Amino acid sequence: MTDTFERAAPPSPVATAGKIVLLTLLLAEFMIQIDATIVNVSLPSIQQDLGFTGTSLAWVVNGYMLCYGGLLLLGGRLADVYGRRLVLMTGVSVFTAASVLCGLAGDPVVLVLARAVQGIGAAAAAPAVLSLIITSFREGAERNGALAAWGGASAGGSLFGLLIGGVLTSTVDWRWIFYINVPVGLAIVALAPFVLKESKAASRPSLDAGGAITITAALLVITYALLGAHGGAGLDLGSVGLLVLGALLLAVFVAVEKRHHEPLIPMSLFANRNTAGSLGATALFGTTQMGYFFFVTLYLQNVLGFSAIQTGLSYLPLIAALAVTTTLANKIIAARGVKAALVPGLVLIIAGLAWLSQVPVDGSWVGDVLGPTVLAGLGIGLTFVPLSISATSGVDPRDAGAVSGLFNVAVLIGGSIGIAVLTIASGLTGEIPMLPLSTPTPEAIGGFQGVFLTGAGLAVLALLVCAAVLRVPHAPAAVPGEEKETA
């Protein structure tokens, strides 16, 4: 059965059928986000079992992130063109099959290649999840509630990845960090045809091959350059050269898009001040969020001497704070608007990072990390949800996949840039210990202090962007769009 998708169709609050739709989408988002971090705490065990060298081990993480970051925009547009449910199911199927290969891997090459295939599947599934939320729930209170749940699953999944990875590696075997994806992936693929309605543009647009090739090449080059800068030395000459090449490819992409009648990423999206401003603020937010987790984890393990499982458990207060504020954010937005949640959220993140910038040589988790961790959790929940709402406010549903891909790219690339920038900042104020220290040095602590203070400054910049640019009303007006929905 085929009919025209009407933006005002679903009632509010979300009915039982809508909750089942949302649960299916949240399972997919949670699985993808867990896998972005679950490997990190298992790397020593993987290295020992498979014989990775010190330099090649990083590609267990980088192989996934490179394909994920490089293909997100293409995945989002494929969802708009060929059907969001179809692309979600395809992406989850690829991701699940690759997870089995990861668990069965007997040598480093197989594992890295399987991780790359996982990244390809995630790049298709992640924007499809967000675009299905945009097209399945009416703009306003109903969609805001769905986006709040999605924000919790997205941010919480990364944190649970650290916890679950430590538990499985310590109690069972590192291969189970991949095998646990299988039942979840199979459940999503089995449920999707029955609970999700297919949606895509009423008339299939062309895929814009020129735009797809140039933006994918640009993102692959930029992501590769930034991943290379995370090794502790910052940006070397080779990385800078790749970033310049990536910037040139982006310029070519913009030129191609301006000339194409059905562009991969419609430039009109950036004419919407809420979308453009939110994407910019999201990239800055990504720098602080991913930088926070990266360097706090280093501090816990390399200075305080925490084990993998202790590190994961230390994030439980942040997860609890995040769970509270993702729900609270939706209520605040419904009553007082997006900025009423967004501004306090960024202020809490700034305060948490400023507090962390005072970590001493002889610090402790209770005295120096716990308080900032709770502030960060409260701030992330209050920030991520309104940013996703404002980024998608007023977007034509025909471009849901495109804006979903842009939002995911903003978080990922912003975070990658942030870690590189913060690594450089650490070199200006001290040094970051990439290996555990028997005796923490003032130089190492100075590096951490500079990192967290710089992160606070980037969060201040995000706050200024939001204050100056965003103009989201309390109850955004529906924007008509021509969508085709198929049962």
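Mentor: Of the contacts in the protein chain with a separation of 6 or more, 85% are between residues 24 or more positions apart; a contact means heavy atoms within 4.5 Å. This is a predicted model, in which local features need pLDDT of at least 70 and side-chain atom pairs count only at pLDDT 80 or more, while totals for chains, interfaces and linings use all residues. Residues are numbered from 1 along each chain as its sequence is written, and side-chain values use heavy atoms, with hydrogens and water left out.

The chain has 17 helices and three strands. These are DSSP runs numbered from the N terminus: helices are H or I with at least four residues, strands are E with at least two. Of its 487 residues, 56% are buried, where buried means under 20% relative accessible area, exposed over 50%, and partly exposed in between, with a 1.4 Å probe and protein chains only.

The part to look at is helix 5, residues 108–136. Start with R115, which forms a salt bridge with D35, the closest N and O atoms lying 3.0 Å apart. The pair joins distant parts of the chain, since R115 is in helix 5 and D35 in helix 1 (residues 16–37), 80 residues apart. A salt bridge here is a side-chain nitrogen of Lys or Arg within 4 Å of a carboxyl oxygen of Asp or Glu. Side chains of opposite charge can pair when their charged atoms come close. Both R115 and D35 are buried, and the structure holds one salt bridge.

I120 is also in helix 5. Because its relative accessibility is 39%, I120 counts as partly exposed. Together with V94 and V117, I120 forms a nonpolar surface patch of about 190 Å² accessible area. Patches are made of residues with over 30% relative accessible area and no salt bridge, joining like charges within 9 Å and nonpolar side chains (Val, Leu, Ile, Met, Phe, Trp, Tyr) within 5 Å.

Last comes confidence. The chain averages a pLDDT of 79, and 83% of the residues score at least 70; pLDDT is the predictor's confidence in each residue, from 0 to 100. By element, the mean pLDDT is highest in helix 4 (residues 84–104), at 95, and lowest in strand 1 (residues 2–4), at 35.

Note on methods. Accessible areas come from the Shrake-Rupley method with a 1.4 Å probe; for residues, only the protein chains shown count as cover.
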